[in-house]
Amino acid sequence: MNFSIVIPYKDNSPRFLKYCIESLENQVYQDFEVIFIHNQSAFLVNYLEQSNLNYRIIENSSETIPNFRNIGIRASAGEYVLFMDANDR
């Protein structure tokens, strides 16, 4: 696997998260994993059950996005680590 995409999510924009996930699903190049770090987001967990992404979900109670990203880096299996925000398309 070449890429790990780390996405911190604080359950504040479910509409944008949906667009983000759909954008990742529509990528031509699919050799990547997506690591979602969240703080008890039922929406994220439920939405990803319908997804065909290669993903992992890590729950974390931290309040800061930098901590979410650091957790994602440590959990990454890809050769390269990329960051994406939950409101990116």
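**View 1. Leu44 sits in helix 2, residues 42-48.** Helices here are DSSP runs of H or I with at least four residues, strands are E runs of at least two, and both are numbered from the N terminus. This is a predicted model, in which local features need pLDDT of at least 70 and side-chain atom pairs count only at pLDDT 80 or more, while totals for chains, interfaces and linings use all residues. Residues are numbered from 1 along each chain as its sequence is written, and side-chain values use heavy atoms, leaving out hydrogens and water. Leu44 has 0% relative accessibility, so it counts as buried (buried means under 20% relative accessible area, exposed over 50%, partly exposed in between, with a 1.4 Å probe and protein chains only). Setting aside residues up to four places away in sequence, Leu44 touches Tyr9, Leu17, Ile21, Phe36 and His38; contact means heavy atoms within 4.5 Å. From Leu44 to Ile21 is 23 residues in sequence and 9.9 Å in space, C-alpha to C-alpha.

**View 2. Four strands make an open sheet in the order 3-2-1-4, with parallel pairing.** Strand 3 (55-59) and strand 4 (80-83) are the edges, each having a single partner strand, so one side of each has no neighbour in the sheet. The twist averages 25° from one strand to the next (axes are lines fitted to C-alpha atoms, for helices over the stretch in contact, and angles run from 0 to 180 degrees between N-to-C directions).

**View 3. Strand 1 (residues 3-9) pairs with strand 4 in the parallel sense over 4 bridges.** Pairing requires at least two bridges found by DSSP between two strands. Strand 1 also pairs with strand 2 in the parallel sense, over 7 bridges. Follow Ile5 to see both links: its bridge partner is Leu82 in strand 4 and Val34 in strand 2. Strand 1 is mostly covered, with 6 of its 7 residues buried.

**View 4. Phe83 lies in strand 4.** Opposite Phe83 stands Val6. With 41% relative accessibility, Phe83 counts as partly exposed. Together with Ile73 and Val81, Phe83 forms a nonpolar surface patch with about 230 Å² of accessible area. Patches consist of residues with over 30% relative accessible area and no salt bridge, joining like charges within 9 Å and nonpolar side chains (Val, Leu, Ile, Met, Phe, Trp, Tyr) within 5 Å. A salt bridge places a side-chain nitrogen of Lys or Arg within 4 Å of a carboxyl oxygen of Asp or Glu. Accessible areas come from the Shrake-Rupley method with a 1.4 Å probe, and for residues only the protein chains shown count as cover.
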